[in-house]
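The following report describes selected features of a two-chain model.

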Amino acid sequence: MLIVEIVFTGLLMGSFYALMALGLTLVFGILKIVNFAHGEFFMIGAYAYTLLVVWAGLPQVPAMLSAVALGALAGVLMERLLMRPLYTGVIGPGALRDEYAIIVTFGLSLFLINLSHQVLGPYPVKGPDLVAVSRMELFGMFVSPHRLLASGLAVLTLALIVWLIRTTVWGKRVQAVAQNRFGAAIAGIDHARVSALVLALSGGIVALSGALLSPLFHAYPDVGAFPAVKSFVVVVLGGMGSIPGSILGGLLLGVLENFGAIYISYEYRDTFGFIILMLVLLLRPQGLFGERAREV
Amino acid sequence: MTRRLLLTLIALALGWPPAAGAQEPIKIGAPISMSPPGSVAQGKEVRDGLTLAQEILHKRGGVLGRKIEILYEDTQGIPEKGRAAVEKLITRDKVVAITGEHASSVTLADIEVAHRYNIPLVNTNAWSDAVRLKGYPQVFNRSNYNSRVAEAMGEVIAKMKVKHVVAFAENTDYGTGQAEAMKKVLARVAPDVKFTARVLDRAARDFTPAVLPLKAERPDMIVTIMIPPASYLLMNQLYENGIAPSKDTWLYDGAGVADYPDFWDNVKDAGVGLLSFGLYHPKMNLTPLGKEVRNLYIDQHKREPNRLIFQAADSLFLLADAITRAKSTEADAVIKALRETRFEGTQGLITFEKEKGLYFQQWKDIPYITYQLTARGQQLPETLLIQGPGVELSVDKLMRPAR
């Protein structure tokens, strides 16, 4: 029975990891930058959902959709104000771009954390559950109904994003820019708009995971540290920029962490993720589904 | 002549030369957490308490006729930052004393600097026994201490006749120190109790893997030695998994988080049935000074203060009292005066032990209480008092959850 619970709770957690990491992998896959403010989009979603319900009295579903919209808007603003100089020639070519991206996203992360401290205060606020009851019994196991429902929504969102990227015209444009920004531009694809779309999508997805997890992990200024670290592990594990990789990596990490924590030591739970990360980097640097080289 | 007179008048009008520094404020340094990863919530409570005490002192004409200026430095709950903050406060800002620190790990770093520069430091809320065991003559402890909590909880656990206790302690000097102290106390007062302590990362968010094995173990009691937000998350996850509080397993909080202003916003159903150690309850006796602090706090914040407000206010009052008796801000004189303290603080008469060891320069008889939360959203005045000043320990009153 314990094994079943370990796998079950691991998969639930893994679905959240996959959703958090999807936003990061999209940005990396298309823009080739690492977004260090990724966790703060999670924080924006967690706060937006929680405060819209608790303070503004909005029902849960519209509040969650508003949180997603706010995350997407934050993504667009980030693209317009901070990321566009990367590919419009304001920032010099070559290696400098990477440094610029690191510094600017890291700075944005610190700014958002401290801003929320000043505006919203230091106290954590528990997000409202999607289901009124705090726990229920399922096949002899106690589970949080919210956790169950949130995980289902996370899986649905993952499926929707994969479908969007694989089948729609906009998805194909995204794929084209991911493969070769210059080539896509020659083919008439506006890569700036595609980049804005990707950052909006990424912001919206991460904000959704923040909203879904706010009843479990609460909303507070530095709540983004946890999803950021997990997302980086998942993205490297699955392969930088690979969508199926980040989904599988998330689920795998959730289950492996659970097994390691219970059968080896809970104290080293986060270490398991990093051990997996190091092994992947040593044995298969491109990750489970990653591309072999960063640039063509 | 007229010109010289004019210059003199202008100089006097501009306040020069200063009147022998009589109006210069007395500078007190306060290293606290104002940003993560430290507990910003605790930092805010400490700051509120210090500000209240400062207001009260100013209303009474200040200290030695001078105002108190509190210089805050953000330690982020990181020992290295705490050390740098105290170094800066002492060497650059020329503070005459340090107080306000609320994290054990940071206090252990702070006291090294205060000791090196021979500057008095009043510990506001560092519970780790190690702070006292250092034996530094500059350090005085208004704060509660781990051994005190362990003794109080040990007494309750022994009386409840539970057999198997699992403690979850955060990975800090405070957390591991309290777990260790509890192990020693239980070995003495309840040797039949099987006690195991598990260390959790205070930055973690999902404690499910730590909680799941308890379904098989089914301990009689789970003790939490963690501060928010980690403690809130752990409590929720214990409840969601049907482990505690439950008809089989008690949940006992050793960090006193149930009186935090945001407790019920974050814990909800998981808090019902929680047994808690506490350092303040409205049914406890307060001194006239304590009542003044409480009333002023309620006026300003529209809610009951928690224990950190009293601890922080007392910390500043103790320094003000020592400076007044020493008639000086000179370090040796203030330290000597602190050593001889007999000050009626907010919660009772404060004196400091002189014998080296666990209680060195500690206010030993800090009043405490044990209570149980019996309904969701219950505020401190309505909680079930199990033990406290004037209330004999009675575990028969405890209410066990139905499921």
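Predicted model: local features only at pLDDT ≥ 70, side-chain atom pairs only at ≥ 80, totals over all residues.

## Helix packing, chain contact and selected residues

The buried residues of α5(A) are A:H146, A:R147, A:A150, A:S151, A:A154, A:T157, A:L158 and A:I161. An α-helix has 3.6 residues a turn, so residues three or four places apart point the same way. Helix α5(A) itself covers residues 145–167, which is 23 residues. From its first C-alpha to its last, α5(A) reaches 33 Å, close to the 33 Å expected at 1.5 Å a residue.

Helix α8(A) also packs with α6 (residues 169–179) of chain A, at an angle of about 105 degrees and with the axes 10 Å apart. An angle of 65 to 115 degrees counts as roughly perpendicular, and α6(A) and α8(A) are therefore roughly perpendicular to each other. On the side of α6(A), the residues that meet α8(A) are A:W170, A:R173, A:V174 and A:V177. Their counterparts in α8(A) are A:H191, A:V194, A:L197 and A:V198. By class, this contact of α6(A) with α8(A) comprises 6 nonpolar, 1 polar and 1 charged residues.

A:P215 belongs to helix α8 of chain A as well. A residue counts as buried when 20 or more other C-beta atoms lie within 10 Å of its own; A:P215 has 26 C-beta neighbours inside 10 Å and therefore counts as buried. Leaving aside residues up to four places away in sequence, A:P215 touches A:K126, A:G127, A:P128, A:D129 and A:H146. Of these, A:H146 is one of the buried residues of α5(A).

Chain B has 14 helices and 14 strands. Its C-alpha atoms fill a box of roughly 95 × 40 × 35 Å along the principal axes. Among contacts in chain B with a separation of 6 or more, 69% join residues 24 or more positions apart.

The contact between the chains takes 32 residues from chain B and 32 residues from chain A. On the side of chain B that touches chain A, the elements giving two or more residues are α2 (40–59), β7 (194–200), α8 (208–211), α10 (230–240) and α11 (263–267) of chain B. Helix α10(B) gives the most to this side, with 4 residues. The residues on this side of chain B divide into 17 nonpolar, 5 polar and 10 charged.

In chain B, B:E353 is found in the loop between β12 (349–350) and β13 (369–372). B:E353 is partly exposed, with 16 other C-beta atoms within 10 Å. Not counting residues up to four places away in sequence, B:E353 touches B:Y359, B:F360, B:Q361, B:Q362 and B:K364.

| Pair | Separation in sequence | C-alpha to C-alpha distance |
|---|---|---|
| A:P215 and A:Y49 | 166 residues | 10.0 Å |
| B:E353 and B:K215 | 138 residues | 45 Å |

Notes:
Residues numbered from 1 in each chain as written. Chains lettered and ligands numbered in written order. Expected span 1.5 Å × (residues − 1). Buried ≥ 20, exposed ≤ 12 C-beta atoms within 10 Å, placed from the backbone. Axes fitted to C-alpha atoms, helices over the stretch in contact; angles between N-to-C directions. Parallel < 35°, antiparallel > 145°, perpendicular 65-115°, else oblique. Contact = placed C-beta atoms within 7 Å. Nonpolar A, V, L, I, M, F, W, Y, C, P; charged D, E, K, R; others polar.
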